[in-house]
Each structure stands twice: as C-alpha cells, then as structure tokens.
Amino acid sequence: MTQDQETGLAPQAANPVDPRQAVAGEDPAMGRILRRETHSSRAGAAGIAAVLVILLCVYALLESGVRAVGQPPWLIDPGTAAERIIALPAGIQPLLLGAAGAVIAMVGLFFVLHALLPGRRARHLLRDPRIAVVVDDEVLASALARRARAAANVTPEQVMVVVSQRLVVVNVRPTSGSRVSEEAVLAAVRAELEEMSPVPMPDVRVNLGTSGVIGA
C-alpha cells in the first residue's frame with residue numbers, strides 16, 4: 001500500500017459512521033426527496049382553488065360582456081348580485097343563509113388547513129448511513145404486531161397495532177385463562193422499534209382487553 005492510499009483511508013478510519021446516529025434525511029442532497037416522500041403535496045388543493053377562481057372570473061367576465069351588449073343575463077346581473085350581497089341577510093331565509101355560510105366556512109377551512117398543517121404522510125424514515133429508507137406505517141405496524149403477538153403468545157386476530165407519527169398503540173385481547181404481561185409486550189415492541197430505529201421515534205402504549213378470547 002502506498003503512502004497516498006494510507007492517507008486516503010485515514011480520515012475514513014478516524015471518523016467511522018455510526019449506524020445508530022446516521023439518518024438518511026440528514027443528507028442535504030436527499031432532504032428534498034425525502035420530504036416529498038413523507039409529506040403530502042399541496043398541488044391538488046392549489047389546483048382546486050385556482051380552478052374555482054378562474055371559473056368565477058370567467059363567469060363574471062361573461063356576465064359583464066352580456067350586460068355591455070344589452071342582452072339579458074345568463075343567471076344574474078352583476079349589479080343585482082352586488083346589491084343583494086350588500087343587503088344581506090335581507091331577502092334570504094335564515095335557514096338557507098345558515099346553510100350557505102356553513103358550506104363556505106367548510107370550504108375555507110379546508111384550504112386553510114391544507115395551507116397551515118404539515119401534511120405528513122403515514123410514513124417514517126429509518127436510520128441508515130448509506131441509503132434513504134422510507135417505510136409505510138402499515139409495514140411498521142405489521143412488524144410490531146408480530147413481535148407483540150409472540151410476546152403475548154396469542155393469535156394474529158388478537159393483536160391490533162396502530163402506528164401514528166408520535167405514538168404506537170398496541171391493543172391485545174388475551175386468551176381466556178391465560179395471563180398476558182403488559183410489561184413483556186411493551187418491552188418487546190420497544191425492542192423492535194429500537195432495532196428498526198424509525199425517525200421520528202414514536203412512544204409505545206399497550207392496551208390489554210378486559211374480556212378474553214376463547215382459545216381454539
């Protein structure tokens with residue numbers, strides 16, 4: 001081995017990559033791709049809003065053009081519509097006005113929430129020093145359910161796992177006459193999570209059913 005080769009390998013040996021600390025998302029070059037994989041796009045909501053605004057503007061333009069040439073309006077004259085809006089709530093039944101207001105409020109809330117909320121998908125990153133790993137929460141739930149089922153010694157139908165961004169809920173229905181250790185199930189699920197090292201790391205909660213299941 002030459003001196004240059006020894007020099008080239010020295011920094012790598014002096015700074016080994018710790019697989020427990022390396023996260024795929026920490027690579028700046030992969031950050032944008034991983035964010036796209038773990039966050040829902042706003043393109044759909046933005047497209048809907050743009051289409052609604054365009055349709056409203058086109059309709060107002062057509063009504064104005066019809067009025068300019070002296071023809072009767074298609075639906076309602078723009079001037080008449082403006083006068084009715086100014087005169088609200090006069091001339092409209094309270095029930096109809098309340099329903100219209102509720103619909104408009106729901107539409108507005110939809111767009112506001114899409115604009116403000118992070119819009120995270122049901123996915124987690126896994127710690128890996130070499131590649132970017134994105135896994136669905138359903139896959140995590142399946143792996144955790146297998147570990148919980150083995151720790152509780154029950155059938156697959158007796159375990160249900162729900163994985164969210166910050167919490168894993170393990171629901172176990174024990175077999176009648178058999179005792180299930182909540183601590184054992186909790187420790188097994190946490191050990192499985194430590195092995196997979198999802199990012200962010202969720203907390204674990206175990207719920208044992210009060211009624212048992214008759215064994216086969």
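Q: How many residues lie between S3 and S4 in the hairpin that they form?
A: This is a predicted model, in which local features need pLDDT of at least 70, side-chain atom pairs count only at pLDDT 80 or more, and totals for chains, interfaces and linings use all residues. Residues are numbered from 1 along each chain as its sequence is written, and side-chain values use heavy atoms, with hydrogens and water left out. Strands are DSSP runs (E, at least two residues) and helices likewise (H or I, at least four), numbered from the N terminus, and two strands pair if DSSP finds at least two bridges between them. Strands S3 (residues 159-163) and S4 (residues 167-172) run antiparallel and are joined by five bridges, and the number of residues between them in the hairpin is three.

Q: Which residue of S6 stands opposite Val170?
A: S4 and strand S6 (residues 203-208) run parallel and are joined by six bridges. The residue in S6 that stands opposite Val170 is Val206.

Q: Which residue forms a salt bridge with Glu192?
A: A salt bridge here is a side-chain nitrogen of Lys or Arg within 4 Å of a carboxyl oxygen of Asp or Glu. The closest N and O atoms of the pair are 2.6 Å apart. Glu192 lies in helix H7 (residues 182-196) and its partner in helix H6 (residues 137-152), so the pair ties together parts that are 45 residues apart in sequence. The partner of Glu192 is Arg147.

Q: Is Glu192 buried or exposed?
A: Buried means under 20% relative accessible area and exposed over 50%, with partly exposed in between (1.4 Å probe, protein chains only). At 13% relative accessibility, Glu192 counts as buried.
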